[in-house]
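Have the structure open as you read.

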Amino acid sequence: MYGEFSLYGVFIPTLMALMLVAFLVFLGLRQLLLRANVYRHVWHPPLFGFSVYILTLGALFALLRALQ
């Protein structure tokens, strides 16, 4: 995996870009989970949301590693 990439001469860390993509994917997943009333069965919704975000980030990181 590359450590960084250049965006119009500005070097962006790959992890930062993955975090942004994971956040956008998490927002979509959160809406789906809210519509399915999953948060009603969760003990601590902010902790659950954070863990879903971390799992999403890890999945994107693993996917990027597998594609290289």
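This is a predicted model: local features need pLDDT of at least 70, side-chain atom pairs count only at pLDDT 80 or more; totals for chains, interfaces and linings use all residues.

## How H1 and H2 pack

Helix H1 (residues 14–35) and helix H2 (residues 45–67) pack at an angle of about 130 degrees, and their axes are 8 Å apart. Axes here are lines fitted to C-alpha atoms, for helices over the stretch in contact, with angles running from 0 to 180 degrees between N-to-C directions. Helices are DSSP runs of H or I with at least four residues, strands are E runs of at least two, and both are numbered from the N terminus. H1 and H2 are therefore oblique to each other; that label covers whatever is left once angles under 35 degrees count as roughly parallel, over 145 as roughly antiparallel and 65 to 115 as roughly perpendicular.

Residues are numbered from 1 along each chain as its sequence is written, and side-chain values use heavy atoms, with hydrogens and water left out.

## Who touches whom

On the H1 side, the residues making the contact include Leu18, Ala22, Phe26 and Leu33, with contact meaning heavy atoms within 4.5 Å. H2 brings, among others, Phe48, Val52, Leu57 and Leu64. Sorted by class, the contact of H1 with H2 has 16 nonpolar, 3 polar and no charged residues. Nonpolar covers Ala, Val, Leu, Ile, Met, Phe, Trp, Tyr, Cys and Pro; charged covers Asp, Glu, Lys and Arg; the others, Gly among them, are polar.

As for burial, H2 has Gly49, Val52, Tyr53, Thr56, Leu57 and Leu60 as its buried residues, and they pack against H1. Buried is under 20% relative accessible area, exposed over 50%, and partly exposed in between (1.4 Å probe, protein chains only).

## Two positive phi angles

Tyr8 sits in the loop between strand S1 (4–7) and strand S2 (10–13). Its phi is near 55 degrees, a positive value in a residue other than glycine. Tyr8 is exposed, at 83% relative accessible area.

Asn37, in the loop between H1 and H2, isn't a glycine either, yet has a positive phi of about 55 degrees. With 43% relative accessibility, Asn37 is partly exposed.
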